[in-house]
Structure formats: structure tokens, C-alpha cells
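Colleague: Before we look at the model together, could you help me understand how its features get their names?

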Amino acid sequence: GRSMEPLLFHGDTAILDMGVKTIPSDGAVFGFMLNDELMVKKLYRLPDGGIRVESKNAEYGPTFDLPESKLERMELIGRVKYRSGVGDF
């Protein structure tokens with residue numbers, strides 16, 4: 001989809017490092033499952049233990065916070081390390 005433009009564009013190929021599952025407080029792009037839906041978003045670790053989930057394209061929904069008590073709904077796959085396509089990573 002277009003939710004991560006201009007970082008990732010529809011049809012881009014992304015390579016995820018499945019060994020990296022630590023979300024930094026200054027954010028990084030991850031692939032993950034949330035409520036049985038595959039997503040690629042910029043994630044930030046919050047001071048209270050929760051996670052901020054951000055789309056880069058403002059047309060695709062607001063940023064939202066996932067509190068620590070709801071993290072069992074999220075399964076991290078890995079951090080995006082490389083992508084091939086037209087976007088500016």
C-alpha cells in the first residue's frame with residue numbers, strides 16, 4: 001500500500017533482519033503482525049513501555065500508541081534493513 005510513502009512505495013521489495021527485534025526510542029521501520037494483519041510501519045519505544053506506530057503518509061491513518069498491556073497483540077518479524085524500489089529510504 002501507500003501508507004509508508006515516501007520511505008516505501010507500493011510494490012517495493014523489503015528485506016527484514018529477523019534478528020533485530022529491539023525497537024529504539026528514536027524509531028525504526030519494522031515488519032510486524034498486529035491483530036492478524038501484516039504491517040510495515042515506523043515504530044518507536046515509549047518511556048512507559050508501549051510502542052508508537054507511525055505511517056509516514058498522513059493520508060493513511062493517524063499515528064497511534066499501543067500500550068504495554070496490549071503488546072501481546074503484536075508479533076515483531078524484523079527491522080527493515082534494505083528495500084528496492086523508487087522510494088527514498
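Colleague: What makes S3 and S4 a pair of strands?

Modeller: S3 and S4 run antiparallel and are joined by 4 bridges, and because two strands pair if DSSP finds at least two bridges between them, S3 and S4 count as paired. A strand here is a DSSP run of E with at least two residues, numbered from the N terminus; S3 covers residues 37-45 and S4 covers residues 51-54. Within this pairing, Arg45 stands opposite Ile51 in S4, and the hairpin that S3 and S4 form has 5 residues between the strands, with a positive phi of about 95 degrees at Gly49 in the turn. This is a predicted model, in which local features need pLDDT of at least 70 and side-chain atom pairs count only at pLDDT 80 or more, while totals for chains, interfaces and linings use all residues. Residues are numbered from 1 along each chain as its sequence is written, and side-chain values use heavy atoms, with hydrogens and water left out.

Colleague: How many bridges join S2 to S3?

Modeller: There are 7 bridges between S2 and S3, which run antiparallel, and one of the partners is Lys42 in S3, which bridges to Val29. S2 and S3 also form a hairpin, with 2 residues between them and a positive phi of about 55 degrees at Asn35 in the turn.

Colleague: What makes S1 and S5 edge strands?

Modeller: The open sheet has 6 strands in the order S1-S6-S2-S3-S4-S5, with antiparallel pairing, and strand S1 (13-17) and strand S5 (64-66) are its edges, since each pairs on one side only.

Colleague: Why is Asp36 called exposed?

Modeller: Asp36 has a relative accessible area of 76%, and exposed means over 50%, whereas buried means under 20% and partly exposed lies in between, using a 1.4 Å probe and protein chains only, so Asp36 counts as exposed. Asp36 is found in the loop between strand S2 (28-34) and S3.

Colleague: Why does Gly11 count as exposed?

Modeller: Gly11, in the segment before S1, has 68% relative accessibility and therefore counts as exposed by that cut-off.

Colleague: How much space lies in the largest pocket, and which residues are the closest to its centre?

Modeller: About 300 Å³ of space lies in the largest pocket, where a volume is the space filled by probe spheres set on the grid points, joined across faces, edges and corners. A pocket is an open set of points on a 1 Å grid over the protein atoms alone, where a 1.4 Å probe fits, with protein on both sides within 12 Å along at least five of seven lines, and lining residues have an atom within 4 Å of a point. Of the 15 lining residues, Gly1, Ser3, Met4, Leu8 and Val40 are the closest to the centre of the largest pocket, while S3 gives the most to its lining, with 5 residues.
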